[in-house]
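Notebook open, viewer open. I'm jotting down what I look up as I go.

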Amino acid sequence: MKIVIDSNRIIAAIIKDSTTRQILFNKKFEFLTPSYVFSEIKKYKDYIIKKVNINSEEFDILLSLIFENINIIKISEYNSFIKELKNGVSDSKDIPYLAVAIFTKAKGIWTHDVHFKEQNKIKIFTNTDMLKLIRKNN
């Protein structure tokens, strides 16, 4: 099942071995994200390193492990969907995720960002919703 993953879920998985990380490594899902995600994660790198008490090299290793389960979609692939989404949400940083979801025909976006609920084109999943999908498909 194709699910677009927002940066807040990726950052949560980096910070703590929790439900988010367990969902991320569940093989029932094919996780996708726009290449834009790296600029968002980079903004929080120092915060994450300090919070988790790791060094830059350990951060890079952890990030690599997490991205083994996420397919990166290049802007050239979803760019044509961006124009139609410009007026759909108040946070322009959400647009690449919505565009990837439309482009890939994903089932939805896994996020805890409330701005995504302003739109009605793509279904939004929280951790609770993702756990329900896992149970439903067992």
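Is helix α1 (residues 7-15) largely enclosed by the rest of the structure or largely exposed, and how many of its nine residues are buried? I count a residue as buried under 20% relative accessible area, exposed over 50% and partly exposed in between, using a 1.4 Å probe and protein chains only. Seven of the nine are buried, so α1 is largely enclosed by the rest of the structure. The buried ones in α1 are Ser7, Arg9, Ile10, Ile11, Ala12, Ala13 and Ile14.

Ground rules before I go further. This is a predicted model, where local features need pLDDT of at least 70 and side-chain atom pairs count only at pLDDT 80 or more, while totals for chains, interfaces and linings use all residues. Residues are numbered from 1 along each chain as its sequence is written, and side-chain values use heavy atoms, with hydrogens and water left out.

**Entry: the sheet**

I looked up the strand order next. Helices (H or I, at least four residues) and strands (E, at least two) are DSSP runs, numbered from the N terminus. Two strands pair if DSSP finds at least two bridges between them. What I get is an open sheet of five strands, paired in parallel, in the order β3-β2-β1-β4-β5. β3 (70-73) and β5 (124-125) are the edge strands, each pairing on one side only.

Helix α8 (residues 95-104) packs on this sheet and touches β1 (2-5), β2, β3 and β4 (108-110). Its direction makes about 130° with that of β2; axes are lines fitted to C-alpha atoms, for helices over the stretch in contact, and angles run from 0 to 180 degrees between N-to-C directions. Contact, here and below, means heavy atoms within 4.5 Å.

Then the pairings, one by one. β2 (residues 30-34) runs parallel to β3, joined by four bridges. β1 and β2 are also parallel, over three bridges, and Lys2 stands opposite Glu30 in β2. Three bridges join β1 to β4, again parallel, with Ile5 opposite Trp110 in β4.

**Entry: Thr33**

How covered is β2? Four of its five residues are buried. I picked Thr33, which lies in this strand. Thr33 is buried, with a relative accessible area of 0%. Its bridge partner in β3 is Ile72. Leaving aside neighbours within four places in sequence, Thr33 is in contact with Ile5, Ile10, Phe67, Ile70, Asn71, Ile72, Ile73, Tyr97 and Val100.

**Entry: the core**

Which residues have the most contacts inside the largest nonpolar core? They are Ile10, Phe31, Ile109 and Met130, in a core of 44 residues. By nonpolar core I mean a set of buried Ala, Val, Leu, Ile, Met, Phe, Trp, Tyr and Cys residues joined through side-chain atoms within 4.5 Å. α8 gives the largest share of this core, six residues. Met130 touches Ile3, Ile23, Phe29, Phe31, Trp110 and Phe125, not counting residues up to four places away in sequence.

**Entry: α5**

I checked the length of helix α5 (residues 56-67). At 1.5 Å a residue its twelve residues should span 16 Å, and the end C-alpha atoms are 16 Å apart, which agrees. The expected span is 1.5 Å times one less than the number of residues. Phe59, Leu62, Leu63, Ile66 and Phe67 are its buried residues.

Asp129 is found in helix α9 (residues 127-136). It is partly exposed, with a relative accessible area of 26%.

Ile75 lies in helix α6 (residues 75-78) and is partly exposed, at 45% relative accessible area. Not counting residues up to four places away in sequence, Ile75 touches Ser35 and Ile82.
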